[in-house]
Amino acid sequence: MKLQNKAEFTTVDYVVFVGTLAISFGIGVFFAIWERSKSTPDDYFLAGRKSSTVPVALSFIVTFQSSLLIIGVPAESFAYGMKNGVYYVVGILTSYLLAGFLIVPVFHPLKLTSVNEYFNLRYGNNVLRYLTLATGITYSIFYMGSVTYATCVALDVVMGIPFWGTIIMYTTVTTVYTSIGGIKAVIWTDVFQLCIMVTGILALLIKITINVGGADQVYDYAADRFHIADFRLDPRIRYQFWNTSFGTFSTMLMCTFMQPAMQRVYSTPSVKSARTLYIISAPIYSIIFVLAALEGPYMFAYFASKKCDILEGGITDNINEILPFTILDIFKDNPGFSGLFIAALSSAALSTLSSCLSSLSAVTYEDIIKVKFAHIPAARATNISKVLVLAYGLVAMVLAMAFASVSGAVHAVFTGLMGCIDGPTCSVFLLSTLWRRSTTKGLLGGFLVGFTIALWLNIGSNFTDIPVYPYLSPGPTTNCSVYLGGNEFVNTTVLTPSIMNTTTIPLLNDSFTTMEPEETSTSFLKSMYNISYILFSFIALFFSSVFGIIFSLITKPQSSVDERCLFSFKKHIIADFFPEKLKANKGNVNEDDKEMKSFVKS
């Protein structure tokens with residue numbers, strides 16, 4: 001639909017946007033020059049294992065806080081309310097703290113470069129190593145593609161840049177500064193980009209509050225979007241406490257096992273600093289996620305106050321375009337702020353792309369090239385790694401173009417699709433670390449069962465006649481003609497703030513309906529396919545773990561296990577946090593032994 005009164009990007013906005021890209025690129029160039037004498041893979045991938053905890057923690061946050069969060073989460077909360085943002089925090093906190101206290105003490109002392117090397121130490125073969133390598137590469141490549149796509153949607157709406165031009169611009173800038181600067185460039189660029197992202201989110205929330213007339217008015221217009229108390233035990237509900245908490249736990253736990261996360265763990269000097277990384281990042285990431293989710297109800301309130309729900313009124317037919325359209329409209333009289341938003345979005349995309357590119361280069365070199373050619377000189381190995389970054393950048397570019405055909409909120413699409421991978425992969429890591437009896441064949445069988453079940457649910461929910469989960473009540477559209485020059489017909493449903501949150505209006509388009517899911521009995525298959533996408537990952541984790549245990553028990557166990565690869569409560573918790581108590585217990589044991597020996601002699 002052609003808009004007649006669309007705000008435009010100003011010169012100041014372009015300056016802010018281009019300046020952000022230039023600074024990010026400049027950081028990469030700086031470290032390429034500053035670190036030119038350090039040419040070993042250890043320096044390139046892990047910054048010599050001497051990085052400071054705070055910048056690494058901030059970089060860790062930004063690694064998974066991409067444009068999926070900047071655009072996808074507000075789009076979901078605009079349509080479905082704040083539940084996803086609030087309940088997501090449960091999964092973030094539990095998964096990050098579990099990783100910090102159970103996983104880090106096992107993996108950090110191994111001094112690995114690729115996280116997948118762990119499985120060779122654990123089982124003495126490369127079966128699970130190559131399995132997790134394949135899933136990690138697949139996850140990262142799709143993540144880069146979806147991130148770049150979400151960014152391109154915003155730039156197309158706000159700046160009118162051709163889709164292909166945006167993709168080339170982002171992937172080129174990111175690939176070059178990651179390739180020449182290594183992990184140090186990635187970490188410090190992430191710190192800068194985090195500041196830009198948070199500033200952009202806060203600027204939008206503050207501006208909407210002012211324009212609507214205060215926080216009370218925002219709540220009045222979007223009360224149903226702020227309702228979060230939902231503890232129903234129905235897995236078909238898109239977002240409620242149990243679905244979102246459990247589903248998010250496995251999704252975020254997968255992030256802690258991925259190479260970008262482990263690369264930051266390995267770049268710190270000690271287990272204590274690596275654990276602190278998670279303790280710092282968990283609450284900060286949770287706060288940022290909630291702020292991003294708040295943008296949805298706030299945007300709904302903004303357009304409700306203007307009597308034009310842009311999604312219901314047909315001003316935009318792509319839910320991923322809501323946030324960029326809002327930015328351009330609300331900041332049309334404030335030059336530079338639209339540029340700040342695009343800079344924030346760019347920062348999110350750049351940080352994720354750079355982290356994924358660096359990690360993909362690391363695992364490809366360590367798990368494939370180095371296995372075949374073990375004695376490559378350090379300088380040559382670093383050059384090969386840089387070429388790998390360039391190659392994966394090209395792959396990300398191609399996949400981003402493919403994502404143009406994807407409909408629906410990009411955050412939901414990605415989470416549902418990757419749930420087939422992250423749940424089973426988490427199971428392989430967890431059972432290997434926590435259970436001595438696990439076997440290669442057992443975990444491989446469990447992985448395949450969990451993956452198959454999640455893939456079946458994904459296909460069923462996307463390629464059958466299951467209706468799209470209903471949005472919450474739409475807002476008024478009586479004044480949408482302001483965006484169309486008054487020349488086109490617009491759906492003119494009238495809803496006042498007082499009744500807007502209690503009225504449901506069935507619409508003809510099943511992709512935007514406010515009717516509640518049918519309570520009548522349905523077939524078993526349809527009930528299964530109606531399960532919330534956010535649970536796919538946890539379901540896969542559950543079945544992979546159950547069958548991984550069963551298959552391990554009926555297969556031949558290892559003759560010996562490297563104790564370094566197993567979690568020990570006594571070694572990794574008691575010894576780390578209560579060393580005095582452990583020493584005291586040892587002293588008591590020694591005294592008991594002496595008394596027993598003297599008793600036997602007598």
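Predicted model: local features only at pLDDT ≥ 70, side-chain atom pairs only at ≥ 80, totals over all residues.
Student: How confident is the predictor in the protein, and where is the pLDDT below 50?

Tutor: The protein averages a pLDDT of 80, and 82% of the residues score at least 70. Residues 487–521 have a pLDDT below 50, although this stretch has 66 contacts in the model beyond near neighbours in sequence.

Student: What makes up the secondary structure of the protein?

Tutor: The protein has 22 helices and zero strands.

Student: What makes Cys308 and Cys480 a disulfide?

Tutor: The sulfur atoms of Cys308 and Cys480 are 2.1 Å apart. A disulfide requires two cysteine sulfur atoms within 2.5 Å, and the pair Cys308 and Cys480 is therefore a disulfide. By this rule the count comes to one disulfide.

Student: Why is the disulfide of Cys308 and Cys480 called right-handed?

Tutor: The torsion about its S-S bond is about 105°, so the disulfide is right-handed.

Student: Which parts does the pair tie together?

Tutor: Cys308 lies in the loop between helix 13 (271–305) and helix 14 (322–330), while Cys480 lies in the loop between helix 18 (440–462) and helix 19 (524–529). The pair therefore ties together parts that are 172 residues apart in sequence. Both Cys308 and Cys480 are buried.

Student: How do you know that Cys255 is in no disulfide?

Tutor: The nearest cysteine sulfur to that of Cys255 belongs to Cys426 and is 8.5 Å away. The cut-off is 2.5 Å, so Cys255 is in no disulfide.

Student: What rules out a bond for Cys356?

Tutor: The closest cysteine sulfur to that of Cys356 is in Cys255, at 9.6 Å, which is too far for a bond.

Student: Why are Cys255 and Cys356 called buried?

Tutor: Buried means under 20% relative accessible area. Cys255 has 4% relative accessibility, so Cys255 counts as buried. Cys356 has a relative accessible area of 2% and is therefore buried as well.

Student: Why is Lys307 called partly exposed?

Tutor: Partly exposed residues fall between the 20% limit for buried and the 50% limit for exposed. Lys307 has a relative accessible area of 46%, so Lys307 is partly exposed. Lys307 is placed in the loop between helix 13 and helix 14, and its phi is near 60°, a positive value in a residue other than glycine.

Student: What is the phi of Lys111, and where does Lys111 lie?

Tutor: Lys111 has a positive phi of about 55° although it is not a glycine. Lys111 lies in the loop between helix 5 (83–107) and helix 6 (117–123). Its relative accessibility is 43%, so Lys111 counts as partly exposed.

Student: What makes the link between Thr439 and Thr555 a polar contact?

Tutor: The side chains of Thr439 and Thr555 make their polar contact at 2.8 Å, and the limit for such a pair of N or O atoms is 3.5 Å. Thr439 is found in the loop between helix 17 (410–434) and helix 18. Leaving out residues up to four places away in sequence, Thr439 touches Tyr123, Ser552, Thr555, Lys556 and Pro557. At 4% relative accessibility, Thr439 counts as buried.

Student: Why is Val265 called buried, and what surrounds it in contact?

Tutor: Val265 has a relative accessible area of 0%, so Val265 is buried. Val265 belongs to helix 12 (residues 259–266). Neighbours within four places in sequence aside, its contacts are Val104, His108, Ala274, Leu277 and Tyr278. The C-alpha atoms of Val265 and Arg275 are separated by 8.3 Å, with the two residues 10 residues apart along the chain.

Student: Which residues have the most contacts inside the largest nonpolar core?

Tutor: They are Ile70, Phe107 and Tyr278, in a core of 156 residues. In soluble globular proteins, nonpolar side chains tend to be buried together.

Student: What makes helix 14 mostly covered?

Tutor: Nine of the nine residues of helix 14 are buried; Leu323, Pro324 and Asp329 are among them.

Student: How much of the whole protein is buried?

Tutor: Buried residues make up 57% of the 602 residues. The accessible surface comes to about 24300 Å², of which 66% belongs to carbon and sulfur atoms.

Note on methods
Residues numbered from 1 in each chain as written. Heavy atoms only, no water. Helix = DSSP H or I, 4+ residues; strand = E, 2+ residues; numbered from the N terminus. Buried < 20%, exposed > 50% of the residue type's maximum accessible area, 1.4 Å probe, protein only. Polar contact = N/O pair within 3.5 Å; in protein donor to acceptor, adjacent residues only side chain to side chain. Contact = heavy atoms within 4.5 Å. pLDDT = per-residue confidence, 0-100. Areas by Shrake-Rupley, 256 points an atom, 1.4 Å probe, with all protein chains shown as cover. Core = buried A, V, L, I, M, F, W, Y, C linked by side-chain atoms within 4.5 Å.
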